[in-house]
Amino acid sequence: MLEQMKTVLEKKGYAVSIFENAQQAKDYVMASVAPEQSVGIGGSVSVQALELDKELSAKGCPVHWHWTAEDKEGAQIAAAVSDVYLVSANAVTKKGQIIN
């Protein structure tokens with residue numbers, strides 16, 4: 001099923017990676033984001049569970065996340081123009097529609 005979804009999403013122009021576990025996904029994100037890149041985060045329990053905000057901050061990335069910021073509106077604005085934006089989808093249909 002995952003390979004079928006990967007094919008559907010790639011036909012839509014997405015780059016898709018499949019991971020065996022959460023640690024592999026975390027390692028991929030950490031290796032993909034350079035320390036000088038700013039990171040915006042949408043509402044994501046997955047990002048929270050992986051503690052990516054903390055890890056990326058420790059790496060030197062400016063992280064903008066309205067869930068943890070005192071200035072929530074300012075964090076949302078900064079997140080929207082960040083170099084990297086992390087968000088998780090609630091669902092993906094068999095036709096490759098991302099539902100959030």
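Reader: Let's start with E55: is E55 buried, partly exposed or exposed?
Author: Keep in mind that this is a predicted model. Buried would need under 20% relative accessible area, and exposed would need over 50%. E55 has a relative accessible area of 34%, so E55 is partly exposed.

Reader: Which residue does E55 form a salt bridge with?
Author: Look for a side-chain nitrogen of Lys or Arg within 4 Å of a carboxyl oxygen. Here the closest N and O atoms are 3.4 Å apart, and the partner of E55 is K26.

Reader: How many residues apart in sequence are the parts that this pair ties together?
Author: The salt bridge joins E55 and K26. E55 sits in helix 4 and K26 in helix 2, so the parts tied together are apart in sequence by 29 residues.

Reader: And K26, is that one buried or exposed?
Author: The cut-off for buried is under 20% relative accessible area. K26 comes in at 12%, so K26 is buried.

Reader: Which residues of helix 2 are buried, and why are they on the same side?
Author: Helix 2 covers residues 22-32, and its buried residues are A25, K26, V29 and M30. They are on the same side of helix 2 because, around the axis, they cover an arc of only 130 degrees.

Reader: What do those buried residues pack against?
Author: We're still with A25, K26, V29 and M30, the buried residues of helix 2. Their packing partners are helix 3 (45-50), helix 4 (52-59) and strand 3 (84-86).

Reader: How many salt bridges does the structure hold?
Author: Another has the side chains of K54 and E51 meeting at 3.7 Å, N to O. E10 also forms one with K6, with the closest N and O atoms 3.8 Å apart. The number of salt bridges in the structure is 3.

Reader: What separates E10 and K6 along helix 1?
Author: Both take part in a salt bridge with each other. They are 4 residues apart in helix 1, so what separates them is about one helical turn.

Reader: Is K54 buried or exposed?
Author: Exposed calls for over 50% relative accessible area. K54 has 53%, so K54 is exposed.

Reader: Last one: which residues form the nonpolar patch on the surface?
Author: One member sits in the loop between helix 1 (2-11) and helix 2: that's Y14. Y14 is partly exposed, at 43% relative accessible area. Together the patch residues have about 260 Å² of accessible area, and they are Y14, V92 and I98.

Technical notes:
Residues are numbered from 1 along each chain as its sequence is written. This is a predicted model: local features need pLDDT of at least 70, side-chain atom pairs count only at pLDDT 80 or more; totals for chains, interfaces and linings use all residues. Side-chain values use heavy atoms; hydrogens and water are left out. Buried means under 20% relative accessible area, exposed over 50%, partly exposed in between (1.4 Å probe, protein chains only). Helices (H or I, at least four residues) and strands (E, at least two) are DSSP runs, numbered from the N terminus. The arc is that of the directions from the helix axis to the C-beta atoms. Contact means heavy atoms within 4.5 Å. Patches are made of residues with over 30% relative accessible area and no salt bridge: like charges are joined within 9 Å, nonpolar side chains (Val, Leu, Ile, Met, Phe, Trp, Tyr) within 5 Å. Accessible areas come from the Shrake-Rupley method with a 1.4 Å probe; for residues, only the protein chains shown count as cover.
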